[in-house]
Amino acid sequence: MARQLDEQIAARFPVGQRLRVLDVGTGQGTQALRLARAGHTVTGLESDPEMLRAAREALSTEPEGIRERVRLIEGDGHETGVHFLPGSFDVVLCHGVLMYVQEPDAMLAGLARMLAPGGLLSLLVRNADALAMRPGLAGDWSGALAAFDTDAYTNRLGLSVRADRLSTLTQTLDGIAAPLHAWYGVRVFTDNVPNEVQLPAADELDRLLAAEDKAGRTDPYRQVAALLHLCGVRG
């Protein structure tokens, strides 16, 4: 996922350009800090006070030069027009957020307005066209059958959330003047691996990541990935 984003940034912007990045739903700040360490200026928008506290604690341990490049704000993706002027950012990230938004079109339009011309909108969403895969591969046949023809599912936190379809988001991105530029599958082979499982040895991990990366770029594998990474470009 990080590699895909790096490739998109490299393809869209001159080498060495310091980008203005908005990270919507920044969580504990993992992505924001990674981009700040790479030299970019990052604004993190997070509505959960506990997540925001964790992000601020993580930021406090960074060198001063990195801390100066990160701004953390309490708020959500519907409030971008309150906090920022249109065209304020070169990159807008919205990763793992849309599943909690019942009617995402208005929020996505607001995110697109935050982009400067040629700016990159990066979305990470649950794949509604593959919701039967997780229960099916786990042998939960009732769950697999129930997952067809729906965009609702229960996530690992036990919350009822929603998924998105590639075709629908492609139309949405066209309508908000940030048409789809590239898309990838994420977690093609590893969606059923529990979070607490220990990582394999370095050489095995390298092979795993290479297989996931290859599958995430290759049809038909990417079409049944647990998550989709979509990149739109502001016209």
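Predicted model: local features only at pLDDT ≥ 70, side-chain atom pairs only at ≥ 80, totals over all residues.
Trainee: In which order do the seven strands of the open sheet lie?

Mentor: The pairing in this open sheet is mixed, and its edges are strand 3 (70-74) and strand 8 (180-186), each of which pairs on one side only.

Trainee: Which residue of strand 4 is the bridge partner of Val 24?

Mentor: Strand 1 (residues 20-24) and strand 4 (residues 89-95) run parallel and are joined by four bridges. In strand 4, the partner of Val 24 is Cys 94.

Trainee: How many bridges pair strand 5 with strand 9, and in which sense?

Mentor: On one side, strand 9 is joined to strand 8 by six bridges, and these two strands run antiparallel, with Gly 185 having Leu 228 as its bridge partner in strand 9. Strand 5 and strand 9 pair in the antiparallel sense, and the number of bridges is seven.

Trainee: How many residues of strand 9 are buried?

Mentor: Leu 227, His 229, Cys 231 and Val 233 are buried on one side, while Leu 228, Leu 230 and Gly 232 are buried on the other. Strand 9 is largely enclosed by the rest of the structure, because the number of its residues that are buried is seven of the seven.

Trainee: Does Tyr 100 count as buried, partly exposed or exposed, and why?

Mentor: Tyr 100 sits in the loop between strand 4 and helix 6 (105-113), and together with Leu 157 and Leu 159 it forms a nonpolar patch on the surface. Buried means under 20% relative accessible area and exposed means over 50%. Because its relative accessibility is 43%, Tyr 100 counts as partly exposed.

Conventions. Residues numbered from 1 in each chain as written. Heavy atoms only, no water. Pairing = 2+ DSSP bridges. Patch = residues over 30% accessible without salt bridge, like charges linked within 9 Å, V, L, I, M, F, W, Y side chains within 5 Å. Areas by Shrake-Rupley, 256 points an atom, 1.4 Å probe, with all protein chains shown as cover. Salt bridge = Lys/Arg side-chain N within 4 Å of Asp/Glu carboxyl O. Buried < 20%, exposed > 50% of the residue type's maximum accessible area, 1.4 Å probe, protein only.
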